[in-house]
Amino acid sequence: MLLMLLLVSSILVCYAGNLNGDFDITWGDGRGKILNNGQLLTLSLDRASGSGFQSKHEYLFGKIDMQIKLVPGNSAGTVTTYYLSSKRSTWDEIDLEFLGNLSGDPYILHTNIYTQGKGDREQQFYLWFDPTSNFHTYSILWNPQRIILSVDGTPIREFKNLEASIGVPFPKSQPMRIFSSLWNADDWATRGGLVKTDWSQAPFAASYRNFNANACVWSSGASSCSSSSSSTSRPTSKSWLTEVLDTSKQERLKWVQKNYMIYNYCIDIKRFPQGLPPECRIKL
């Protein structure tokens, strides 16, 4: 019976299709909604409040995909977040934040990785398409060796586990939930806070669909990817646990970082006058 429960749990997570079964709207007084029989989730923001949701499950490693359509038009001052976090005093977090902008100007995708409560690992990107005209897939691959952030299957960032080699902590022991929110951050989000939210454009809305988590669910102190369930899983179901960037994806990563990266903490010498972080001093 235990093996059957573990198998069913893994199947539900790998092939989840109904957002009602995966997420709870956690704040916003009705501004967050799950619609179309669980096929669509929307968040909205007005002058009174934003909104947000979180996953019902916690995960310890996984490959997580979500299709998102961002706030269209003049989105200056707004921030749409999508991230994994353990929400502890010394938390781990894998962070994607979409910083709104004036109509016609590109969104900025702000990424950060926290380990044991320490972040300061920001990389920022322009996107090579309009993220408001249609849905696009944003993916977090998190396995014991690396974190890979991807957009529509194209990797934009890789953070390797260098804990054993140079002592940089890596998120490996704290289960994390998925969180997302749409909120007003016009004190910093657009051009350092120079451009404020135009409330005449409210309500602002972001949409989500086609969530998929091929992941290890953490429940009652144990993982659904434990050895007791692995023998009953499909051979390909956990390939992400050892996934690396092949040559083609390494080239795509270089292309994105050459053409669309607009900030990289690893080259910001002025910010780190005492020396760049240790992970930035070696060839990754």
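Q: What makes the contact of Asp65 with Lys63 a salt bridge?
A: In this predicted model, the closest N and O atoms of Asp65 and Lys63 are 3.2 Å apart. A salt bridge asks for a side-chain nitrogen of Lys or Arg within 4 Å of a carboxyl oxygen of Asp or Glu, so the pair of Asp65 and Lys63, at 3.2 Å, is counted as one. Side chains of opposite charge can pair when their charged atoms come close.

Q: Why is Asp65 called buried, and why is Lys63 called partly exposed?
A: Asp65 has a relative accessibility of 15%, and buried means under 20%, so Asp65 counts as buried. Lys63 has 26%, which lies between the cut-offs of 20% and 50%, so Lys63 counts as partly exposed.

Q: How do you know that Asp24 forms a salt bridge with Lys56, and which parts does the pair tie together?
A: The closest N and O atoms of Asp24 and Lys56 are 2.5 Å apart, and the limit is 4 Å, so the pair counts as a salt bridge. Asp24 lies in strand 1, whereas Lys56 lies in the loop between strand 4 and strand 5, so the pair ties together parts that are 32 residues apart in sequence. Asp24, at 32% relative accessibility, counts as partly exposed, and Lys56 is partly exposed with 35%.

Q: What links Arg146 with Glu158, and where in the chain do the two residues lie?
A: A salt bridge links Arg146 with Glu158, with the closest N and O atoms 2.8 Å apart. Arg146 is in strand 11 and Glu158 in strand 12, twelve residues apart, and the pair links distant parts of the chain. Arg146 has 12% relative accessibility, which is under the 20% cut-off, so Arg146 counts as buried.

Q: How many salt bridges does the structure hold, and which residues are linked in a network?
A: The structure holds nine salt bridges, and Asp120, Glu122 and Arg271 are linked in a network of them.

Q: Why is the pair of Phe23 and Phe53 called edge-to-face?
A: The search of the whole structure finds 13 aromatic pairs. In the pair of Phe23 and Phe53, the ring centres are 5.0 Å apart and the planes stand at 75°. Centres must lie within 6.5 Å for a pair, and planes over 60 degrees apart count as edge-to-face, so both values meet the conditions for this name. Phe23 lies in strand 1 and Phe53 in strand 4, so the pair ties together parts that are 30 residues apart in sequence. Phe23 is buried with a relative accessible area of 2%, and Phe53 counts as buried at 1%.

Q: Which residues do ring pairs link into a cluster?
A: Ring pairs link Phe23 and Phe53 with Tyr208 and Phe211 into a cluster.

Q: What makes the contact of Lys87 with Phe179 a charge over a ring?
A: The charged end of Lys87 sits over the ring of Phe179, 4.9 Å from the ring centre, and the distance limit for such a contact is 6 Å. Arg252 likewise lies over the face of Trp255, at 4.6 Å from the ring centre.

Q: How do you know that Cys216 and Cys225 form a disulfide, and why is it called left-handed?
A: The sulfur atoms of Cys216 and Cys225 are 2.1 Å apart, and a disulfide needs sulfur atoms within 2.5 Å, so the pair qualifies. The torsion about the S-S bond is about -100°, so the disulfide is left-handed. Both Cys216 and Cys225 are buried.

Q: Which cysteine does a disulfide join to Cys266?
A: Cys280 is joined to Cys266, with a sulfur-to-sulfur distance of 1.9 Å, and the link, with -70° about the S-S bond, is left-handed.

Q: Why is strand 8 described as largely enclosed by the rest of the structure?
A: Seven of the seven residues of strand 8 are buried, so the strand is largely enclosed. Both faces are covered, with Ile108, His110, Asn112 and Tyr114 buried on one side and Leu109, Thr111 and Ile113 buried on the other. Strand 8 runs antiparallel to strand 7, to which seven bridges join it, and four bridges join strand 8 to strand 9, again antiparallel.

Notes. Residues numbered from 1 in each chain as written. Predicted model: local features only at pLDDT ≥ 70, side-chain atom pairs only at ≥ 80, totals over all residues. Heavy atoms only, no water. Phe/Tyr/Trp six-rings, centres within 6.5 Å; stacked < 30°, edge-to-face > 60°. Buried < 20%, exposed > 50% of the residue type's maximum accessible area, 1.4 Å probe, protein only. Lys NZ or Arg CZ within 6 Å of the ring centre and 35° of its normal. Pairing = 2+ DSSP bridges.
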